[in-house]
Amino acid sequence: MEHWNQLINTALLGTAKKPAGNTGMSGPLLQAADTILAQADTDKEDKFLQLAAVLYNYRQSGTRPITANATPMKVCPPETKAYCKPAATRVLQQVLETESIQLLQLWLEYCVKANVLVPPAQLPVMLDKGWRNKSLRALIAATGGQRAAWLGHFNPDWNFSRVADTIEDRWHNGATAQRVEALKELRAADPVMARTWLEQSWPKESVTVKTELLSVLEHPADPADIPWLESLLTEKSKQVKETATRILKKLPGSSLHEKYWQIIAGAIQLDKFGQVTVALPEITDDSIFHSGIEKFSNDKTISDDTHVLYQLVSSVHPSRWEEHFNRDTERVIALFQQQESLQPFVPALVLAIAWFEDKERALSFMQHSETFYVDIIPLLPAAQQQEFGEKFFDEHPDTIIEYACKHQEEWSLQLCARIFKYAATQPYTYNQQFMNNHIRLIPVGIAATLDDITPVEAYHTGYWNNIKVHLGRLLQAKSQVQSL
């Protein structure tokens, strides 16, 4: 070891102060060192490097390599499905160039419907897309085949790609996104079993996963879940308790909902002469306010009692009014609209219809109201959503666009044209990213009229033109996907 230490000292001090030597060497190593040091035509720096190389290899001689018990890499199982056709692969490349997740989702849905797989060369890109976008994970897992699941073993970010063929398999062995989708699927088919699965796995779930899985029970909320949901109000996690409380508020018959209704029933009374009186009694149950009901009004024109009652009315199922007033839906709506004491609570009744997703009463309310309430739009049939959206677009453009973006079906050409004419006046809000995020709702036919849509302000022209060019590429790619 002395010769190696001497070499290190030379490296630290420099060959000018301490030239490399043969101190501590013997035998063949000494002979090799003498040969190097005797070279008259070699400078001392080269001699040092040559000697260092000899000493390093001398130190390595006779050393046993480290052995590890490495498990042999498993070979990817053969695929049972065919890969997509070359034409579909070319369309995929075009879709990826747009950077639109919705277009990619459409392309993956085509693969699922055609029962074909993503080509191996595109899998790493697709798996990376899935890692960054949860909405794609189930589709990528379904179209990635055995190779996607195999690659997932080598990259933790891709472990969602494991192929799971049954709901049970996805629930017990899948990543969180797959488990959520499995629970949703089972919830639609068998609500009781879905809750049973969640109850059984509850103790071993993390807080974040608990909240995500529990949210599945909200759509639709099931009265049979009430006992278990109320038991969760004692959980330590604030997130879990808030989620459970939110779901319980959507369930007539829950303790919280019935507390709300008891207060309302005592506060709003219809006398034998057909007149409604409103007087909020004193609320002594603090759990009412702990559940999210605000005690004080932040508007000087609205009293605290009216503010509390407004929140309570918006939190009870609209059907309770028909029982309370002994009137059908149309007459209850008329009572709220005509009685001076109830008129301040008409918007609260609308919020209640929206909160409980009461589609039947939403349609009835729109048919018997002269005022347009935009919150009810999502509950209307698709055709009427578009109809009312077009009719009242100028009054509530941003809100109607917000709800239109949640449609399940493509916009009509008329509604799309109205949206784009407004977007041309707000190009920094309804920009290229907006088009990327909602391209599946935009009909391909709108491309023929894009040139007719121009901004009002001249300084918006350049930016809007860039958006239109980008939108044109999106529509072309969408058209290609639809033609597969």
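The report that follows takes up the cavities and then the salt bridges of this predicted model.

## Cavities

A search of the whole structure finds two cavities of 30 Å³ or more. The largest cavity has a volume of about 60 Å³, and its lining is made up of Pro318, Glu322, Thr329, Val332, Ile333, Leu349, Ile353, Arg361 and Phe365. Three helices, H18 (329-338), H19 (346-355) and H20 (359-367), each supply at least two residues of this lining, and H18 gives the most, with three residues. Sorted by class, the lining of the largest cavity holds six nonpolar residues, one polar residue and two charged residues.

The second largest cavity contains about 40 Å³ of space and is lined by Ile377, Gln385, Gln386, Gly389, Ile400, Tyr403, Ala404, His407 and Leu415. Helix H21 (382-391) and helix H22 (397-404) each contribute at least two residues to the lining of the second largest cavity, which by class has five nonpolar and four polar residues but no charged ones.

## Salt bridges within and between helices

The count of salt bridges in the model comes to 19. One of them joins Asp128 and Arg132, whose closest N and O atoms are 3.3 Å apart; because these two residues are four apart in helix H6 (residues 123-132), they are separated by about one helical turn. Asp128 counts as partly exposed, at 28% relative accessibility, whereas Arg132 counts as exposed, at 58%.

Another salt bridge brings together the side chains of Glu185 and Arg170, at 3.0 Å from N to O. Glu185 lies in helix H9 (residues 176-189) and Arg170 in helix H8 (residues 167-173), so this pair ties together parts that are 15 residues apart in sequence. Glu185 is partly exposed, with 39% relative accessibility, while Arg170 is buried, with a relative accessible area of 17%.

## A distant pair and a network

Arg320 forms a salt bridge with Glu258, and here the closest N and O atoms are 2.7 Å apart. This pair links distant parts of the chain, with Arg320 in helix H17 (residues 319-325) and Glu258 in helix H14 (residues 255-267), 62 residues apart. Arg320 is buried, its relative accessible area being 14%, whereas Glu258 counts as partly exposed at 23% relative accessibility.

Beyond these pairs, a network of salt bridges links Arg187, Arg195, Glu199 and Asp225.

Definitions and conventions. Residues are numbered from 1 along each chain as its sequence is written. This is a predicted model: local features need pLDDT of at least 70, side-chain atom pairs count only at pLDDT 80 or more; totals for chains, interfaces and linings use all residues. Side-chain values use heavy atoms; hydrogens and water are left out. On a 1 Å grid over the protein atoms alone, a cavity is a set of points where a 1.4 Å probe fits but cannot get out, and a pocket is an open set with protein on both sides within 12 Å along at least five of seven lines; lining residues have an atom within 4 Å of a point. Grid points are joined across faces, edges and corners, and a volume is the space filled by probe spheres set on the points. Ala, Val, Leu, Ile, Met, Phe, Trp, Tyr, Cys and Pro count as nonpolar, Asp, Glu, Lys and Arg as charged, and the others, Gly among them, as polar. A salt bridge is a side-chain nitrogen of Lys or Arg within 4 Å of a carboxyl oxygen of Asp or Glu. Buried means under 20% relative accessible area, exposed over 50%, partly exposed in between (1.4 Å probe, protein chains only).
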